[in-house]
Structures are given as C-alpha cells and as structure tokens.
Amino acid sequence: MSDTLSRETAEATVRSALRGFATAADLAALHSDVPLRTTLDLDSLDFLTFVERLTTATGLRIDEVDYPKLATIGMCVEFLATRA
C-alpha cells in the first residue's frame, strides 16, 4: 500500500474489513461513532478477524495495545490514516 492512506480510503478499508459481520446495507448505514463490538455483536474471535483483515489490507502492524483505538469506524479511520 502507499505511504499515505487518505481518510476516504481508510474508511472504505474499515468497512470492507467488516463485511460478513453485518449486511452490506447495515454496514453502509453504520455511523462512524458507534462502538463496533457491541453494535455488530463481535466476539473476541470476530474482532481479531477484523484486525487481521485491516492488517492484510493496509500492511500495518496492529498490536494488542492498539485495539482500544479501533473501537469505532471513526477511530479506525484516524488510526489508519495517521499510521500509514
């Protein structure tokens, strides 16, 4: 992936990584400030799958200490855009 990741690209990447955890319509309607784990009913394994998808899509290393920074779509976008 390039050296920079625009916020638009970061959001598309996050929403793509969430596919399968909700319908496409639900994901499209998901506001950027709602808690992902409770809203989408993600258990620990689901969340790890999501993190793995983000890592694969961006090439960024995401450590366990970073997980709290991935609580909402908006937080994920901020994390990815500032780390890339």
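**Salt bridges and helix packing**

Lysine 69 is partly exposed, at a relative accessible area of 42%. Here buried stands for under 20% relative accessible area, exposed for over 50%, and partly exposed for values in between (1.4 Å probe, protein chains only). The model is predicted: local features need pLDDT of at least 70, side-chain atom pairs count only at pLDDT 80 or more, and totals for chains, interfaces and linings use all residues. Residues are numbered from 1 along each chain as its sequence is written, and side-chain values use heavy atoms, with hydrogens and water left out.

Lysine 69 pairs with aspartate 66 in a salt bridge, with 3.5 Å between the closest N and O atoms. A salt bridge requires a side-chain nitrogen of Lys or Arg within 4 Å of a carboxyl oxygen of Asp or Glu. The structure contains 5 of them. Aspartate 66 also forms a salt bridge with arginine 83, where the closest N and O atoms are 3.4 Å apart. Arginine 83 belongs to helix H5 (residues 73–83), while aspartate 66 sits in the loop between helix H4 (44–58) and H5, so this pair ties together parts that are 17 residues apart in sequence. Helices are DSSP runs of H or I with at least four residues, numbered from the N terminus. Aspartate 66 is buried, at 6% relative accessibility. Arginine 83 is partly exposed, at 36%.

The loop between H4 and H5 also holds valine 65. Valine 65 is exposed, with 66% relative accessible area. Its C-alpha atom is separated by 21 Å from that of serine 32, which is 33 residues away along the chain.

The side chains of glutamate 11 and arginine 15 meet at 2.9 Å, N to O. The two residues lie 4 apart in H1 (residues 7–17), and about one helical turn separates them. Glutamate 11 is partly exposed, at 29% relative accessibility. Arginine 15 is buried, at 18%.

On H5, the buried residues are Ile73, Cys76, Val77, Phe79, Leu80 and Ala81. They pack against H1, helix H3 (36–39) and H4.

H1 and H5 pack at an angle of about 125 degrees, and their axes are 9 Å apart. Axes are lines fitted to C-alpha atoms, for helices over the stretch in contact, and angles run from 0 to 180 degrees between N-to-C directions. The two helices are therefore oblique to each other. On this scale, angles under 35 degrees are roughly parallel, over 145 roughly antiparallel and 65 to 115 roughly perpendicular, with the rest oblique. The crossing of H1 and H5 is right-handed. From H1, Arg7, Ala10, Glu11, Val14 and Arg15 meet Ile73, Cys76, Val77, Glu78, Leu80, Ala81 and Thr82 of H5. By class, the contact of H1 with H5 comprises 7 nonpolar, 1 polar and 4 charged residues. Contact requires heavy atoms within 4.5 Å. Nonpolar covers Ala, Val, Leu, Ile, Met, Phe, Trp, Tyr, Cys and Pro; charged covers Asp, Glu, Lys and Arg; the others, Gly among them, are polar.

H1 also crosses H4. Their axes come within 9 Å, at an angle of roughly 135 degrees. H1 and H4 are therefore oblique to each other, and their crossing is right-handed. Thr13, Val14 and Ala17 of H1 meet Phe50, Arg53, Leu54, Ala57 and Thr58 of H4. The residues of the H1 contact with H4 divide into 5 nonpolar, 2 polar and 1 charged.

Aspartate 41 has a phi near 55 degrees, a positive value in a residue other than glycine. Most residues other than glycine have a negative phi. Aspartate 41 lies in the loop between H3 and H4 and is exposed, with a relative accessible area of 65%.

Key. Left-handed = near helix turned anticlockwise from the far one by under 90°.
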